[in-house]
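Student: I am new to this structure. Please show me how to read its features, one at a time.

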Amino acid sequence: MFLDSVDQASSVEAGEVFEATLTARVNSAQERNNVRFVIGVLLPRSWQAAGNTTITYTSDFGNGDFVQIPSSVRAPNSGNNLPWSGALMNKFGIGPNLIDDMEWVVFWTREQYNIVNGDNVEIDAKISIRSGSQNMRFKVGYFVGSSEDGLNDFLGGPGALYKSMFSSCFEVTDGEGDIIDFCNPPQTFLTPFRSSDNDILTLTFDREIIPGPLGDDIFLCATAELADGTFKEVCLQKESNRLTLVEGLRGRFDITFWPRQHFALAEGESIVRLNYFFTDASGAIRVGYANSPDEPFTHTFRCD
């Protein structure tokens with residue numbers, strides 16, 4: 001199996017159709033009967049791509065379209081008896097992306113084909129996906145394989161019977177909210193990524209991404225924007241706001257907190273967005289986005 005090329009745009013407007021053209025080849029050294037060609041695409045979960053994707057193809061053995069592989073179908077030779085989407089995640093993960101909020105959506109040809117020994121078959125697939133509504137940057141993943149061989153690493157050696165590829169950084173523009181950047185190491189991030197103000201959160205700050213003025217005494221200075229349009233600020237240089245050095249990771253600090261408690265929310269109050277800086281022990285030096293003392297880091301709560 002060969003994945004010769006993927007031609008895709010560098011960006012798309014939010015809510016518009018993202019298109020890619022994929023060219024692959026099969027050089028057969030064994031007969032295969034009733035086999036389907038498989039394509040997987042790695043995308044952000046928020047795109048809900050399983051229900052928003054169409055794939056058509058032309059090939060030397062026929063033309064047609066792809067349909068989503070049922071979740072009851074297990075990927076052959078994956079060693080873990082997982083559905084195709086889970087098997088690809090187990091094998092390739094999120095590739096070079098840095099935020100674990102992506103999924104593999106996997107399709108196969110509606111028709112089955114017989115391939116004889118010596119066949120050299122080319123397939124050109126047009127992939128169309130309705131993009132999500134959020135501003136973001138990420139690297140699209142692609143997979144090609146077959147329903148017969150799956151993730152077989154024995155015939156022909158590892159990766160001979162399937163191929164994967166990841167694009168350069170792709171951007172969704174003119175959408176909603178802060179830019180979610182899967183491509184570049186973030187100065188700061190919250191986990192879990194999809195959460196509410198009632199979850200226990202860990203906020204991480206990496207001092208080495210963009211070297212700045214802060215030493216080892218780092219404190220969280222945060223403002224919560226509430227659903228009713230009011231704000232609550234907690235910006236004190238005390239132990240409850242102190243970040244601690246992450247063991248074994250030079251320059252990375254974190255703090256774990258419960259937002260509802262941290263901001264002393266009353267019943268009925270809820271946080272929609274955090275704006276925050278990191279300060280030194282005096283509070284005189286503060287660091288925000290790209291080390292700016294004036295532009296805060298932001299996090300919009302999203303638990304969908």
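**Reading contacts and cores**

Tutor: Start with a side-chain pair: T23 and D124 make a polar contact through their side chains, at 2.8 Å. A polar contact is a pair of N or O atoms within 3.5 Å; within protein, one must be able to donate a hydrogen and the other to accept it, and residues adjacent in sequence count only if both atoms are side-chain atoms. This is a predicted model: local features need pLDDT of at least 70, side-chain atom pairs count only at pLDDT 80 or more, and totals for chains, interfaces and linings use all residues. Residues are numbered from 1 along each chain as its sequence is written, and side-chain values use heavy atoms, with hydrogens and water left out.

Student: Is T23 buried or exposed?

Tutor: Buried means under 20% relative accessible area, exposed over 50%, partly exposed in between (1.4 Å probe, protein chains only). T23 is buried, at 15%. D124 is partly exposed, at 27%.

Student: Where is D124 found?

Tutor: Strands (E, at least two residues) are DSSP runs, numbered from the N terminus. D124 is in strand β10, residues 120-130. T23 is in strand β3.

Student: Which residues touch the most other members of the largest nonpolar core?

Tutor: Nonpolar side chains tend to be buried together in soluble globular proteins. A nonpolar core is a set of buried Ala, Val, Leu, Ile, Met, Phe, Trp, Tyr and Cys residues joined through side-chain atoms within 4.5 Å. Here the largest has 52 residues, and I39 and F138 touch the most other members. Another core, of 24 residues, lies apart from it; L243 and F253 are among them.

Definitions and conventions:
Helix = DSSP H or I, 4+ residues; strand = E, 2+ residues; numbered from the N terminus.
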